[in-house]
Amino acid sequence: MPSDPADNPAYSRVMLKISGEALMGDQGYGLHPPTVERIAKEVKTVHDMGVEICMVIGGGNIFRGLQGSAQGMERATADYMGMLATVMNALAMQGALEKQNIHTRVISAIPMDQVCEPYIRRRAVRHLEKKRVVIFAAGTGNPYFTTDTAATLRANEMNCEAIFKGTKVDGVYDKDPVKFDDAKRYETVTYDEVLAQHLGVMDASAIALARENEVPIIVFSLDEPGGFKGILSGQGTYTKVC
(Lines give C-alpha, C1' and ligand atoms only; values in the text may rest on other atoms or scores of the structure.)
Protein backbone atom coordinates (compact mmCIF):
# COMPACT_ATOMS: atom_id res chain seq x y z
CA MET A 1 0.00 0.00 0.00
CA PRO A 2 1.25 3.52 -0.74
CA SER A 3 2.24 5.50 2.33
CA ASP A 4 0.01 8.25 3.65
CA PRO A 5 1.46 11.69 2.70
CA ALA A 6 0.77 12.78 6.27
CA ASP A 7 3.38 10.23 7.38
CA ASN A 8 5.99 11.93 5.19
CA PRO A 9 5.44 15.69 5.42
CA ALA A 10 7.10 17.84 2.80
CA TYR A 11 9.17 19.66 5.45
CA SER A 12 10.38 18.55 8.87
CA ARG A 13 11.00 22.00 10.42
CA VAL A 14 9.12 25.13 9.39
CA MET A 15 8.57 28.75 10.36
CA LEU A 16 4.96 29.96 10.46
CA LYS A 17 4.64 33.73 10.09
CA ILE A 18 1.26 35.32 10.71
CA SER A 19 0.19 38.91 11.14
CA GLY A 20 -1.23 40.29 14.34
CA GLU A 21 -4.37 41.19 12.37
CA ALA A 22 -4.95 37.45 11.84
CA LEU A 23 -5.77 37.19 15.55
CA MET A 24 -8.47 39.89 15.44
CA GLY A 25 -11.18 37.79 13.83
CA ASP A 26 -13.99 40.10 12.75
CA GLN A 27 -13.03 42.70 15.33
CA GLY A 28 -11.25 45.88 14.38
CA TYR A 29 -8.69 45.68 17.16
CA GLY A 30 -7.11 43.37 19.71
CA LEU A 31 -7.41 39.63 20.20
CA HIS A 32 -10.38 37.41 19.37
CA PRO A 33 -9.92 34.28 21.56
CA PRO A 34 -11.96 31.94 19.30
CA THR A 35 -9.78 32.96 16.33
CA VAL A 36 -6.59 32.40 18.34
CA GLU A 37 -7.93 28.97 19.31
CA ARG A 38 -8.76 28.12 15.69
CA ILE A 39 -5.22 28.96 14.54
CA ALA A 40 -3.80 26.94 17.44
CA LYS A 41 -5.81 23.93 16.26
CA GLU A 42 -4.36 24.38 12.75
CA VAL A 43 -0.87 24.38 14.25
CA LYS A 44 -1.71 21.25 16.27
CA THR A 45 -2.66 19.29 13.13
CA VAL A 46 0.82 19.96 11.72
CA HIS A 47 2.54 19.33 15.06
CA ASP A 48 0.78 15.95 15.22
CA MET A 49 2.50 15.05 11.91
CA GLY A 50 5.84 15.30 13.72
CA VAL A 51 6.82 18.61 12.10
CA GLU A 52 8.92 20.95 14.23
CA ILE A 53 7.27 24.38 14.28
CA CYS A 54 8.44 27.84 15.21
CA MET A 55 6.29 30.94 14.86
CA VAL A 56 6.52 34.70 14.57
CA ILE A 57 3.36 36.76 15.10
CA GLY A 58 3.09 40.43 14.20
CA GLY A 59 1.68 43.07 16.54
CA GLY A 60 -0.47 45.16 14.19
CA ASN A 61 -3.70 44.20 15.95
CA ILE A 62 -2.47 46.09 19.03
CA PHE A 63 0.11 48.62 17.86
CA ARG A 64 2.00 49.16 14.61
CA GLY A 65 5.27 51.07 14.85
CA LEU A 66 5.05 52.62 11.38
CA GLN A 67 1.61 54.06 12.09
CA GLY A 68 2.80 55.51 15.39
CA SER A 69 5.79 57.04 13.61
CA ALA A 70 3.52 58.51 10.93
CA GLN A 71 1.54 60.27 13.64
CA GLY A 72 4.60 62.05 15.00
CA MET A 73 6.01 59.52 17.44
CA GLU A 74 9.74 58.86 17.37
CA ARG A 75 10.26 55.84 15.08
CA ALA A 76 12.46 53.84 17.46
CA THR A 77 10.03 54.32 20.36
CA ALA A 78 7.08 53.35 18.17
CA ASP A 79 8.89 50.22 16.97
CA TYR A 80 9.67 49.13 20.53
CA MET A 81 5.99 49.52 21.39
CA GLY A 82 5.17 47.32 18.41
CA MET A 83 7.64 44.72 19.65
CA LEU A 84 5.90 44.61 23.03
CA ALA A 85 2.60 44.03 21.20
CA THR A 86 4.10 40.92 19.58
CA VAL A 87 4.92 39.55 23.03
CA MET A 88 1.28 39.91 24.07
CA ASN A 89 0.18 38.02 20.94
CA ALA A 90 2.80 35.33 21.51
CA LEU A 91 1.59 34.75 25.08
CA ALA A 92 -2.00 34.49 23.85
CA MET A 93 -0.99 31.89 21.25
CA GLN A 94 1.07 30.01 23.84
CA GLY A 95 -1.99 29.76 26.07
CA ALA A 96 -4.14 28.49 23.19
CA LEU A 97 -1.54 25.90 22.14
CA GLU A 98 -1.06 24.62 25.67
CA LYS A 99 -4.82 24.11 25.89
CA GLN A 100 -4.23 21.72 22.97
CA ASN A 101 -1.61 19.94 25.12
CA ILE A 102 1.30 21.23 23.02
CA HIS A 103 4.37 22.27 24.98
CA THR A 104 5.19 25.81 23.88
CA ARG A 105 7.96 28.29 24.62
CA VAL A 106 7.83 32.05 24.03
CA ILE A 107 11.30 33.44 23.37
CA SER A 108 11.76 37.21 23.32
CA ALA A 109 14.51 39.22 21.66
CA ILE A 110 13.96 41.78 24.44
CA PRO A 111 14.69 40.16 27.83
CA MET A 112 11.65 39.96 30.14
CA ASP A 113 12.43 36.89 32.18
CA GLN A 114 9.24 36.84 34.24
CA VAL A 115 7.01 36.21 31.22
CA CYS A 116 9.21 34.47 28.60
CA GLU A 117 12.69 33.22 27.85
CA PRO A 118 15.49 35.37 26.40
CA TYR A 119 16.67 34.45 22.92
CA ILE A 120 19.54 31.96 23.00
CA ARG A 121 19.89 30.18 19.67
CA ARG A 122 21.11 26.81 20.93
CA ARG A 123 18.38 26.66 23.57
CA ALA A 124 15.74 27.49 20.98
CA VAL A 125 17.02 24.72 18.70
CA ARG A 126 16.89 22.29 21.61
CA HIS A 127 13.24 23.19 22.26
CA LEU A 128 12.44 22.38 18.62
CA GLU A 129 14.29 19.07 18.85
CA LYS A 130 12.11 18.23 21.86
CA LYS A 131 9.03 18.89 19.67
CA ARG A 132 8.04 22.06 21.48
CA VAL A 133 6.47 24.86 19.47
CA VAL A 134 8.71 27.92 19.74
CA ILE A 135 7.18 31.39 19.36
CA PHE A 136 9.72 34.14 18.72
CA ALA A 137 8.54 37.51 20.05
CA ALA A 138 9.78 41.12 20.02
CA GLY A 139 11.01 40.94 16.44
CA THR A 140 14.78 41.13 16.09
CA GLY A 141 15.01 43.27 19.22
CA ASN A 142 15.95 46.27 17.08
CA PRO A 143 13.86 49.14 15.70
CA TYR A 144 13.51 49.66 11.94
CA PHE A 145 13.05 45.91 11.29
CA THR A 146 9.69 44.29 10.62
CA THR A 147 8.41 40.98 11.94
CA ASP A 148 8.76 39.65 8.37
CA THR A 149 12.49 40.21 8.64
CA ALA A 150 12.50 38.74 12.14
CA ALA A 151 10.71 35.61 10.89
CA THR A 152 13.22 35.16 8.05
CA LEU A 153 16.17 35.73 10.37
CA ARG A 154 14.93 33.20 12.94
CA ALA A 155 14.03 30.71 10.20
CA ASN A 156 17.65 30.85 9.02
CA GLU A 157 19.05 30.59 12.52
CA MET A 158 16.82 27.57 13.27
CA ASN A 159 17.66 25.92 9.93
CA CYS A 160 14.00 25.84 8.93
CA GLU A 161 13.31 24.22 5.58
CA ALA A 162 10.56 26.69 4.64
CA ILE A 163 8.75 29.82 5.80
CA PHE A 164 4.95 29.58 5.74
CA LYS A 165 3.33 33.01 5.41
CA GLY A 166 -0.32 32.77 6.46
CA THR A 167 -2.50 35.46 4.84
CA LYS A 168 -6.14 36.08 3.94
CA VAL A 169 -5.64 34.94 0.33
CA ASP A 170 -4.45 31.60 -1.01
CA GLY A 171 -1.22 32.75 -2.59
CA VAL A 172 0.51 35.57 -4.45
CA TYR A 173 -1.48 37.36 -7.18
CA ASP A 174 -0.46 39.76 -9.90
CA LYS A 175 -2.96 42.24 -8.42
CA ASP A 176 -5.36 42.42 -5.49
CA PRO A 177 -7.83 39.51 -5.89
CA VAL A 178 -10.31 41.25 -3.59
CA LYS A 179 -10.57 44.23 -5.96
CA PHE A 180 -9.97 42.53 -9.34
CA ASP A 181 -11.87 39.46 -10.55
CA ASP A 182 -9.25 38.81 -13.23
CA ALA A 183 -6.35 38.62 -10.77
CA LYS A 184 -4.12 35.63 -11.50
CA ARG A 185 -2.43 33.54 -8.85
CA TYR A 186 1.17 32.45 -9.29
CA GLU A 187 2.00 28.78 -8.68
CA THR A 188 5.64 29.71 -8.20
CA VAL A 189 7.47 33.02 -8.33
CA THR A 190 11.11 33.92 -7.85
CA TYR A 191 12.51 36.16 -5.14
CA ASP A 192 13.65 38.61 -7.80
CA GLU A 193 10.17 38.78 -9.35
CA VAL A 194 8.65 39.51 -5.95
CA LEU A 195 11.08 42.41 -5.48
CA ALA A 196 10.87 43.76 -9.03
CA GLN A 197 7.07 43.62 -9.26
CA HIS A 198 6.45 44.76 -5.66
CA LEU A 199 4.19 41.77 -5.04
CA GLY A 200 3.99 42.47 -1.32
CA VAL A 201 4.82 38.98 -0.03
CA MET A 202 7.22 40.34 2.60
CA ASP A 203 9.35 43.45 2.86
CA ALA A 204 12.47 43.70 0.72
CA SER A 205 14.98 42.89 3.46
CA ALA A 206 13.09 39.69 4.38
CA ILE A 207 12.94 38.56 0.74
CA ALA A 208 16.64 39.31 0.24
CA LEU A 209 17.56 37.33 3.36
CA ALA A 210 15.45 34.36 2.23
CA ARG A 211 16.99 34.52 -1.25
CA GLU A 212 20.53 34.67 0.09
CA ASN A 213 19.97 31.51 2.15
CA GLU A 214 17.65 29.79 -0.34
CA VAL A 215 14.76 29.36 2.08
CA PRO A 216 11.47 28.97 0.17
CA ILE A 217 8.46 31.04 1.24
CA ILE A 218 5.04 29.38 1.03
CA VAL A 219 2.16 31.88 0.88
CA PHE A 220 -1.21 30.35 1.77
CA SER A 221 -4.58 31.21 3.26
CA LEU A 222 -4.76 30.94 7.03
CA ASP A 223 -8.56 31.16 6.76
CA GLU A 224 -8.77 27.88 4.83
CA PRO A 225 -9.44 25.04 7.33
CA GLY A 226 -6.74 22.41 7.05
CA GLY A 227 -4.70 24.52 4.65
CA PHE A 228 -1.48 24.43 6.68
CA LYS A 229 -1.57 20.64 7.06
CA GLY A 230 -2.70 20.17 3.47
CA ILE A 231 0.39 21.83 2.01
CA LEU A 232 2.69 19.69 4.13
CA SER A 233 0.76 16.64 2.87
CA GLY A 234 1.36 17.67 -0.74
CA GLN A 235 -2.06 19.21 -1.35
CA GLY A 236 -3.71 22.61 -1.03
CA THR A 237 -3.52 25.90 -2.88
CA TYR A 238 -0.54 28.16 -2.36
CA THR A 239 2.27 30.08 -4.03
CA LYS A 240 5.89 29.10 -3.57
CA VAL A 241 8.53 31.82 -3.65
CA CYS A 242 11.84 30.19 -4.48
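In which helix is Thr-35 found?

1. Thr-35 lies in helix H1, which covers residues 33-47. Helices here are DSSP runs of H or I with at least four residues, strands are runs of E with at least two, and both are numbered from the N terminus. The model is predicted, so local features need pLDDT of at least 70 and side-chain atom pairs count only at pLDDT 80 or more, while totals for chains, interfaces and linings use all residues. Residues are numbered from 1 along each chain as its sequence is written, and side-chain values use heavy atoms, with hydrogens and water left out.

2. Thr-35 has a relative accessible area of 8% and is therefore buried (under 20% relative accessible area, with a 1.4 Å probe and protein chains only). Leaving aside residues up to four places away in sequence, Thr-35 touches Ala-22, Leu-23 and Gly-25; a contact means heavy atoms within 4.5 Å.

3. The protein chain contains eight helices and nine strands. Its radius of gyration, taken over C-alpha atoms, is 17 Å, close to the 18 Å that the globule rule gives for 242 residues, so the chain is as compact as a globular protein of that length. That rule is 2.2 Å times the number of residues to the power 0.38.

4. Of the 242 residues in the protein chain, 48% count as buried. Among its contacts between residues at least 6 apart in sequence, 72% join residues at least 24 apart.

5. Helix H3 (residues 75-99) has 25 residues and spans 37 Å from its first C-alpha to its last, close to the expected 36 Å; the expected span is 1.5 Å times one less than the number of residues. Just after H3, Asn-101 adopts a positive phi of about 65°.

Definitions and conventions. Buried means under 20% relative accessible area, exposed over 50%, partly exposed in between (1.4 Å probe, protein chains only).
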